[in-house]
Amino acid sequence: MSQYEDIVVIADQIQNDLRPITFELLGAAQTLAAKLDVKVRAIVMGHNLGSIPQDLIHNGADSVYVVDQPELAEYTTLTYRRAAISVIESFERPPHIALCGATTLGRDLAPRIASHFETGLTADCTELDIGDYEHKGKADPSKTGTYNNCLYAIRPSFGESLKARILGPWKNPQMATARTGALIPFVTDTTRTGRIVAIKVKFEESDFRVKVIETVRAVSDALDLIRAKVIVSGGFGLGGPEGFDVVSDLASVFKESAVGSSRKAVDSGWIPYSHQVGQTGKTVRPVLYIALGISGAIQHRVGMSNSGTIIAVNKDEKAPIFQFAHYGIVGDLYDIAPMLKEQFKKSMAS
Amino acid sequence: MGNGYKMAVLIKQVPDTSSAAGVNPDGTVDRARAKRMINPFDKYALQKAIETRASHGGEIIVVSMGPPPAMEVLVEALEYGADAGYLLSDRRLAASDTLATAYALYKTVVYLKDVDIVFTGLQTTDGDTAQTGPQIAERLDVAQITYCETMEIVDGRIHASRIIDGGIQKLETAPPALITVANSASRLEHKKFTNVHMVKKLSRDKAEMEKRIRVVTLDDIGAEPERVGLLGSPTVVGKTWKLGEKGGSCKLFKGDKPSHEVELLVNAVASEGRGVEEFVL
């Protein structure tokens with residue numbers, strides 16, 4: 001038996017639909033678990049969850065702790081916080097590691113859990129690993145020492161072209177959130193079996209301080225950025241909000257496509273934040289990413305550089321995007337985008 | 001609502017990476033040389049407080065934690081219309097991670113007494129974690145609304161919308177609450193001349209300015225020094241390294257005839273088996 005406790009993954013589900021991040025976290029957790037010789041436990045919260053616990057087993061969980069109660073039908077911070085904390089506290093000892101998605105759910109929930117346990121939490125990781133760490137702090141002698149098999153929570157460091165490895169071996173669970181699209185998902189195996197444990201959580205009146213009045217799902221036909229196979233993004237080079245008409249028009253030639261944007265276009269008020277790709281937006285990994293009028297600052301790059309094929313259109317031959325795009329055209333996007341649309345149709349349409 | 005709401009807006013001074021000053025060629029930031037600015041996300045938080053005060057009255061107190069230069073962002077917030085400021089400045093806070101920062105800011109909010117609503121930006125541009133707000137809410141044991149876009153108070157109840165993946169959630173709660181404001185919310189109004197003028201006058205009168213923006217230490221707010229800084233932070237940065245450069249592999253089409261270049265490009269994509277074909281309608 002391993003000297004370490006198990007790894008916990010908090011499943012990310014909306015309306016009984018497991019989000020892609022869940023499978024990615026399970027994939028990463030299994031890799032970490034193999035190094036520690038421990039198991040992966042998933043926690044899933046919701047109502048009328050049906051086959052979801054089984055899906056979690058098929059996708060990498062060794063056991064699943066299910067809280068299936070009407071109070072959890074819609075996500076709220078305080079009810080999910082209560083449920084997650086209750087499950088973790090039902091374990092004999094704190095898990096070695098606990099992982100959440102860096103989604104609007106995980107980024108809302110994970111800090112509350114970490115704060116409750118007074119433990120460390122690293123945000124928006126793009127890689128996770130296990131390794132040793134020697135702490136030589138002079139200012140904090142109580143922490144000095146060598147720690148084995150710590151969580152390496154790896155994230156791009158702010159607006160800079162650096163990656164940082166964050167460690168917190170002093171307290172368990174060592175927690176991290178991970179960006180969607182960054183980790184390799186578990187390969188589904190429907191022959192896997194595992195234990196499913198139902199947990200009943202007792203809520204307190206104060207857990208219902210926030211009421212959900214209404215949940216409005218995206219009404220546009222635009223596919224969720226994260227699930228899109230083709231993303232056409234526009235940046236500051238569009239020159240104004242109307243530029244996104246050209247972006248959408250090019251996107252319309254592709255199946256399973258969505259419209260993205262750079263942060264500058266969002267900050268200029270040209271398109272809602274939900275379309276933002278990059279460090280402070282979404283991390284995406286589509287088959288094809290077309291960047292129109294995006295310079296390719298590091299903040300954008302870290303959100304899309306893992307795309308299968310990147311095509312960049314920019315007036316400025318020196319734009320950083322041409323450093324990492326696979327194909328580039330130097331020119332006016334308003335000329336080029338319609339031509340790309342026609343040419344893709346002509347050359348590739350089935 | 002008679003006296004309106006007592007609001008704390010937590011703001012941070014961050015390096016301005018959009019300016020060339022202090023940004024090294026490799027993209028790293030030299031904090032000593034870099035220009036400084038209010039974390040852009042925090043401006044949306046300040047705007048929410050200004051709107052709330054306009055509708056319901058009350059007081060806006062801006063709070064920042066940082067070294068003495070962070071005073072600049074508090075002064076700027078007064079120009080935008082904040083009523084008062086607090087700067088939590090103490091050498092022992094250096095190297096605080098999000099948990100330790102949240103503890104220190106929580107103690108500051110408690111020190112302000114009877115705060116109804118705490119506003120923060122969704123995240124900062126330097127730390128980029130979005131964790132501190134919820135961590136403060138946990139310690140205050142209050143409701144939180146993160147990724148908030150719109151908000152109004154009706155009959156003492158907060159009605160807010162928050163962004164969720166794939167849509168919007170409309171929520172209702174009551175103060176006390178902590179709200180982190182998304183950068184898709186309404187933009188900060190321009191500085192009013194009267195405020196700018198008032199701050200100009202204040203800055204000539206040290207004693208008055210010190211009354212308006214108070215500098216406090218850990219001892220003043222009653223925070224335990226071993227719970228902040230290196231001692232109070234459960235995480236450390238172990239190692240950093242540069243993102244690998246993939247430069248030079250881009251096939252660049254830059255001829256004079258765009259239609260021809262587009263044709264060459266698309267044909268190159270098609271011939272290199274990149275799996276794009278199956279997604280073309």
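Trainee: Into which domains is chain A divided, and how many Å apart do their C-alpha centres lie?

Mentor: In this predicted model, chain A is divided into domain 1, covering 7-208, and domain 2, covering 230-348. Taking the C-alpha centres of domain 1 of chain A and domain 2 of chain A, the separation between them is 32 Å.

Trainee: Which element gives the largest share of the largest nonpolar core?

Mentor: The largest nonpolar core has 43 residues, and those with the most contacts inside it include A:Leu250, A:Phe254, A:Ile290 and B:Leu265. Two or more residues each are given by several elements of chain A, among them β14 (230-234), α5 (243-251), β16 (288-292) and α9 (333-348), together with α9 (258-271) of chain B. The largest share, six residues, comes from α9(A).

Trainee: Which residues of chain B does A:Phe344 touch, leaving aside residues up to four places away in sequence?

Mentor: A:Phe344 is one of the residues with the most contacts inside the largest nonpolar core. Within chain A, A:Phe344 touches A:Phe254, A:Leu288, A:Ile290, A:Ile311 and A:Ala349, not counting residues up to four places away in sequence.

Trainee: How many cavities of 30 Å³ or more does a search of the whole structure find, and what volume has the largest?

Mentor: The search covers the whole structure and finds four cavities of 30 Å³ or more. For the largest cavity, the volume is about 70 Å³.

Trainee: Which residue of chain B is among those closest to the centre of the largest cavity?

Mentor: In chain A, β7 (121-125), β9 (145-157), β10 (162-167) and β11 (174-178) each supply at least two residues of the lining of the largest cavity, and by class this lining has six nonpolar, six polar and one charged residues. Of the 13 lining residues, those closest to the centre include A:Thr122, A:Gly168, A:Gln174 and A:Met175 from chain A, and from chain B, B:Thr235.

Trainee: How do the residues lining the second largest cavity divide into nonpolar, polar and charged, and what is the volume of this cavity?

Mentor: Chain A contributes A:Tyr75, A:Thr76, A:Thr77, A:Asp108 and A:Val210 to the lining of the second largest cavity, while chain B contributes B:Gln144, B:Thr146, B:Arg162, B:Gln169 and B:Leu171. In chain B, β7 (143-154) and β9 (167-173) each supply at least two residues of this lining. The lining residues divide into three nonpolar, five polar and two charged, and the space in the second largest cavity is about 60 Å³.

How values were computed:
Residues are numbered from 1 along each chain as its sequence is written. Chains are lettered from A and ligands numbered from 1 in the order in which they are written. This is a predicted model: local features need pLDDT of at least 70, side-chain atom pairs count only at pLDDT 80 or more; totals for chains, interfaces and linings use all residues. Side-chain values use heavy atoms; hydrogens and water are left out. Domain bounds come from an automatic or database domain assignment. A nonpolar core is a set of buried Ala, Val, Leu, Ile, Met, Phe, Trp, Tyr and Cys residues joined through side-chain atoms within 4.5 Å. Buried means under 20% relative accessible area, exposed over 50%, partly exposed in between (1.4 Å probe, protein chains only). Helices (H or I, at least four residues) and strands (E, at least two) are DSSP runs, numbered from the N terminus. Contact means heavy atoms within 4.5 Å. On a 1 Å grid over the protein atoms alone, a cavity is a set of points where a 1.4 Å probe fits but cannot get out, and a pocket is an open set with protein on both sides within 12 Å along at least five of seven lines; lining residues have an atom within 4 Å of a point. Grid points are joined across faces, edges and corners, and a volume is the space filled by probe spheres set on the points. Ala, Val, Leu, Ile, Met, Phe, Trp, Tyr, Cys and Pro count as nonpolar, Asp, Glu, Lys and Arg as charged, and the others, Gly among them, as polar.
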